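Please go through this structure with me.

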Amino acid sequence: CARTEKIYTGYNREGRLARILALKKKLILEFGGGCSRCGYNEFTSALTFHHVHPSEKEYNPGYIIERGNLERVLAEINKCSLLCLNCHIAFESGRWTGEFIKRDGLGYALK
């Protein structure tokens, strides 16, 4: 439809996705570059930000990373530890436990 085409004119999906990925990569590096538990670092999309204290969670980090509000992103990420998908799922299901300690920089690390 011609009207729909006009609405989306100028929308740069690839540019937006590149900015999101660049920000996530930068944040991952701030957390040491890989999973806090196993060190996995191959695929950026397989690394997640785990809220150490779920009751303090205001936003899903992926949601605010997509919106690009750096101040909100840093505030929320500071409540997290970096885990790969496997370790995150295993932790949430109780397959392993660990003590998280506040890092000098951003977020938490495993003790």
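The questions and answers below go from the chain as a whole to single residues.

This is a predicted model, in which local features need pLDDT of at least 70 and side-chain atom pairs count only at pLDDT 80 or more, while totals for chains, interfaces and linings use all residues. Residues are numbered from 1 along each chain as its sequence is written, and side-chain values use heavy atoms, with hydrogens and water left out.

Q: In what order do the elements of the protein chain run from the N terminus on?
A: Helices (H or I, at least four residues) and strands (E, at least two) are DSSP runs, numbered from the N terminus. The protein chain has five helices and four strands. From the N terminus on, their order is α-α-β-α-α-β-α-β-β.

Q: What percentage of the 111 residues of the protein chain count as buried?
A: Buried means under 20% relative accessible area, exposed means over 50%, and partly exposed lies in between (1.4 Å probe, protein chains only). Among the 111 residues of the protein chain, the buried share is 35%.

Q: Which residues have the most contacts inside the largest nonpolar core?
A: In soluble globular proteins, nonpolar side chains tend to be buried together. A nonpolar core is a set of buried Ala, Val, Leu, Ile, Met, Phe, Trp, Tyr and Cys residues joined through side-chain atoms within 4.5 Å. The largest one has 24 residues, and those with the most contacts inside it are Leu-27, Phe-49, Ile-65, Val-73, Ile-77 and Trp-96. The elements that give two or more residues to this core are helix H2 (13–30), S1, helix H3 (61–67), helix H4 (70–77), strand S2 (80–84) and helix H5 (85–92).

Q: Which side chain makes a polar contact with the side chain of Thr-48?
A: Thr-48 lies in strand S1 (residues 47–51) and is buried, at a relative accessible area of 16%. Contact means heavy atoms within 4.5 Å, and beyond four places in sequence Thr-48 is in contact with residues including Ser-81, Cys-84 and His-88. A polar contact is a pair of N or O atoms within 3.5 Å; within protein, one must be able to donate a hydrogen and the other to accept it, and residues adjacent in sequence count only if both atoms are side-chain atoms. At 2.7 Å, the partner of the Thr-48 side chain is that of His-88.

Q: Is His-88 buried or exposed?
A: The place of His-88 is in helix H5. Beyond four places in sequence, His-88 touches Thr-48, Phe-49, His-50 and Leu-83. Because its relative accessibility is 17%, His-88 counts as buried.

Q: How many disulfides does a search of the whole structure find?
A: A disulfide is a pair of cysteine sulfur atoms within 2.5 Å. For Cys-38, the nearest cysteine sulfur is that of Cys-84, 3.8 Å away. For Cys-84, the nearest is that of Cys-87, 3.6 Å away. The search of the whole structure finds zero disulfides.

Q: How far apart in space are His-53 and Lys-79, C-alpha to C-alpha?
A: His-53 lies in the loop between S1 and H3 and is partly exposed, with a relative accessible area of 35%. Not counting residues up to four places away in sequence, His-53 touches Lys-79 and Tyr-108. His-53 and Lys-79 are 26 residues apart in sequence, and their C-alpha to C-alpha separation in space is 7.2 Å.
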